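Dear colleague,

I am handing over the structure below, and after it I set out what was found in it. Please read the notes with the sequence and the coordinates open beside them.

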Number of protein chains: 2
Amino acid sequence: MGLKTVSLIGFGDGVGRAVSFAGMNPVTGLPLEPQFFSASAEDLDRAASLAESAFPVYSNLSGKDKGAFLRHIAAAIESAATQIVNRANLETALPEGRLQGEIARTYNQLRLFAEVVEEGSWVDARIDSKPSIRSMHKPLGPVAVFGASNFPLAFSVAGGDTASALAAGNPVIVKAHPAHPGTSALVGHAIRESVRACHLPEGVFSLLFDAGVEVGVRLVQHPIIKAVAFTGSFAGGTALMKLAAARPVPIPCYSEMGSVNPVFVLPGGLNKHGGAIAAGLQTSFTLSAGQFCTKPGLVLVPKEDGTPAFMKELGDRVNSTPSQTLLTKAIADRYESAIKGRTSAADATVLAQGAKVEESNAATVQASLFVADYKDLLEHEELAQEIFGPTTLVVGYQDRKQLLAVAEKLEGHLTATLQADEGDLADYADLIDILTRKVGRLILNDYPTGVEVCHSMVHGGPFPATSDGRSTSVGTQAIFRFTRLVCFQSFPESALPDALKSSNPLGIMRLVDGDRTRKPSA
Amino acid sequence: MGLKTVSLIGFGDGVGRAVSFAGMNPVTGLPLEPQFFSASAEDLDRAASLAESAFPVYSNLSGKDKGAFLRHIAAAIESAATQIVNRANLETALPEGRLQGEIARTYNQLRLFAEVVEEGSWVDARIDSKPSIRSMHKPLGPVAVFGASNFPLAFSVAGGDTASALAAGNPVIVKAHPAHPGTSALVGHAIRESVRACHLPEGVFSLLFDAGVEVGVRLVQHPIIKAVAFTGSFAGGTALMKLAAARPVPIPCYSEMGSVNPVFVLPGGLNKHGGAIAAGLQTSFTLSAGQFCTKPGLVLVPKEDGTPAFMKELGDRVNSTPSQTLLTKAIADRYESAIKGRTSAADATVLAQGAKVEESNAATVQASLFVADYKDLLEHEELAQEIFGPTTLVVGYQDRKQLLAVAEKLEGHLTATLQADEGDLADYADLIDILTRKVGRLILNDYPTGVEVCHSMVHGGPFPATSDGRSTSVGTQAIFRFTRLVCFQSFPESALPDALKSSNPLGIMRLVDGDRTRKPSA
């Protein structure tokens, strides 16, 4: 028997309900201690009521105070990094090195958001003098965040969604992903202790456990919730979209649902760097066992002199790929079944496979490289669908007409990648133009599986990659998912928020009568 | 028999279908020539297909070229102003002076958007150097715009939605409001001729007529449409939200659905300026026959020494208000029925009424001032609901506790107005804080019925005022409703959009490694 571990409701503990569950070790297939108890309806209501009463206080916190809070969370996570990474490794089978990188990303992105709110210009303050109208971004209200299975740190309890929602000035209620409850509890405690240390109202943060979907559904339907952020499957993401739209008061739902992330190898690129591209592709699609939202799942390759050597290099590398353990047994089962489906279908052929997996309870799988005909790709929808795990599909194309036809037919994706030389870029400007309309991020001669947290990152893309292709869930622009515009007409200096006072006491960059300036307004 | 007038499908004319309708003169109740023919399914498909093929060209137009196009439309409308205003006056009964103001607002807002895109910084270009990632706003795709009955010019065919969607780089398909088809046709021709004169692809603009809702429904469901903009009733706006969310590929829907726009008269304000406030309120709630989305429909008044005089002044002014003609007979009927309902309900009393209306076919109505008890306002939901037309409701409050309770109970509204002196502002900071969470625009010692088109205007507000309280449908920030973020990773100068080139050839303000600057990036 493990300890009873319950939801964190503000500074208090949830009462939980009879349903308990444990994290599972995907390597052994065995449960990990302790047991976690699903939140009760009262736990959720109490978290909601605390968040509601925290909002008026927290939404008015100065940028400096919000920054201090975010930095406190970052420091608390950093100082518990060894314990958190160890637990995450047990619960997810993600390699320690990857998790060390991910935890650094997690506390660094909290610090980046701290910088943004401390500096303060992000609110896009606008002042027009005649008549006196002044607008800025204001926080939206309590946000529901769903932890992601594939990013137990950077997109879970204190991940990008939480960081951006808190930075904008919103209380957050996280629904922990049941695949890593211990990791979630450790990070949750770090946030709770930061709320306490910064003397903030306890409702700024709560963490709910649930073995199933009940708590998540109720959370999205709860009247105090003003926005939803989710990273995960298409089925889960669209279910939340529907719930959010069907509420008596509909709310925005940001679901990041992954994508196939097509790679376009162009003739010049192939002929000049075929070997390097093959190596880079194999690394990218097997990184973290192919469980990135940005994994390249489709590679378009031209028929050139260098193509056979490229394919041989790629096949050899896949053949020597070790077996890898996926996040959960359920994900591994879905992967195996998708691979079997693709293998048995007439329209794709296995070209290479990684090390075989011994029969076991574990979530361990074999990397697979498929090839398919151009014609089949256009006609068989399932070839253009994501398989979560270490596999990709190579499709040959004859000429630019065929390539453009594939690009035009693409649904929304998070990314598209070009492997090209200078000549290709000039020749394929129309391809770039098409892809600009289809994805959130275009990548040249690099791979999609690195997502830098910075001011310009766009981790988004038209549906079905995300629910809302206008925005990003990574980088500082993610903050605008959780704000609304408010303006003040004819207000005197004394009654205006600091960001909008004529004297500009925060020294922020503003749009004053159409000009960007840090100067006071007249 | 009038001329047969059909939809404008790019540069061609629609074939129409058997359903025809005419504009009605609300003053006489008689139809106006000519007959207009509802668009056929083929008309819609052709408009959609033209818009789809125009998008790649139009979305890549330079800011200068888009600016020239918007200015051309503005000039075309300005030069046809007399004819357009005369027709709008016949179709809407709105006074000529109001329509002259509205047409000036219409072409001036096109010119303001021209300025914004010519200057170019609006795309919020962001450059991070290591690794090289660069993001900007890009147009979303063809936008469906629904003309509003209460703004036949500024929120119809070439209104704010069209101007902001075109400015962002999107083709527009307008569904004309059937209450002013002649006005719509005249403005539509001005846009079409501007598309031609600027040598743009014809699909940049189409205009569809329909007597009913069929064309609008199909338009929102059409796969090439990427966003919807609507100003009108709650029923219409929520119907479109549902259609947009239920598509196989859901799209953003911006419905502006009006609101009650509460006015909070505070003790100091009342005692110092009671007479002026009464006069201002009467003007505001009867302006354009009370048919503004921002009409003040609820006024909270304290029990002070000055209150009886204030109420007498307001009542006298309402008693001497002339009768006014509403936009359509249907709107007038709904107004009469709502007034009768409120009059016969036990919870509100008529305090004053304007000039009586002679029995006629016309859409002419009488202004009505109601009073109700504080307790009834909190308990009877219908008292907090909008009645479109020249009426408002005054509710007395005893103390600040009562006032704050009303504010806390408010749903989302477009605006809230305070009538206050300096002492009130200090005493009621908590009221301002509550209202900041409830509305898009807070107004001090002015009236909500003027909506300035500028950089800082926010004409929005939480549901049910709009479908999406994050945004605005008036002012230059409206452009961001029709954009999405795209980033380019490791692209060389030659393959980047001008806005993102290191050399900054457009000279725009950008965020380079976290700093706002017009300088080239390293």
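To begin with the interface, 53 residues of chain A are in contact with 53 residues of chain B, where two residues count as in contact if their C-beta atoms, placed from the backbone, lie within 7 Å. Strand 22 of chain A gives the most to the side of chain A that touches chain B, with seven residues, and the elements that give two or more residues to this side also include helix 8 (234-246) and helix 15 (429-436) of chain A. By class, that side has 26 nonpolar, 16 polar and 11 charged residues, with Ala, Val, Leu, Ile, Met, Phe, Trp, Tyr, Cys and Pro taken as nonpolar, Asp, Glu, Lys and Arg as charged, and the others, Gly among them, as polar.

Please keep in mind that this is a predicted model, in which local features need pLDDT of at least 70 and side-chain atom pairs count only at pLDDT 80 or more, while totals for chains, interfaces and linings use all residues. Residues are numbered from 1 along each chain as its sequence is written, and chains are lettered from A and ligands numbered from 1 in the order in which they are written.

As for the symmetry, a rotation of 180° with 0.0 Å of shift along its axis superposes chain A on chain B with an RMSD of 0.0 Å (by least squares on the C-alpha atoms of residues with pLDDT of at least 70 in both copies). That is the relation of a two-fold axis. The same surface serves both copies, in that 100% of the contact residues of chain A recur in chain B. Of the residues of chain A, Ala245(A) comes closest to the rotation axis, with its C-alpha at 3.5 Å.

An open sheet of 12 strands, with mixed pairing, has the order 16(A)-18(A)-19(A)-14(A)-13(A)-20(A)-21(A)-22(B)-7(B)-6(B)-23(B)-24(B); here strands are DSSP runs (E, at least two residues) numbered from the N terminus, as are helices (H or I, at least four residues), and two strands pair if DSSP finds at least two bridges between them. The edge strands, each pairing on one side only, are strand 16 (348-353) of chain A and strand 24 (515-517) of chain B. Strand 22 of chain A, for its part, is joined by three bridges to strand 21 (residues 439-444) of chain B, and the two run parallel; the bridge partner of Phe488(A) in that strand of chain B is Leu442(B).

With best regards
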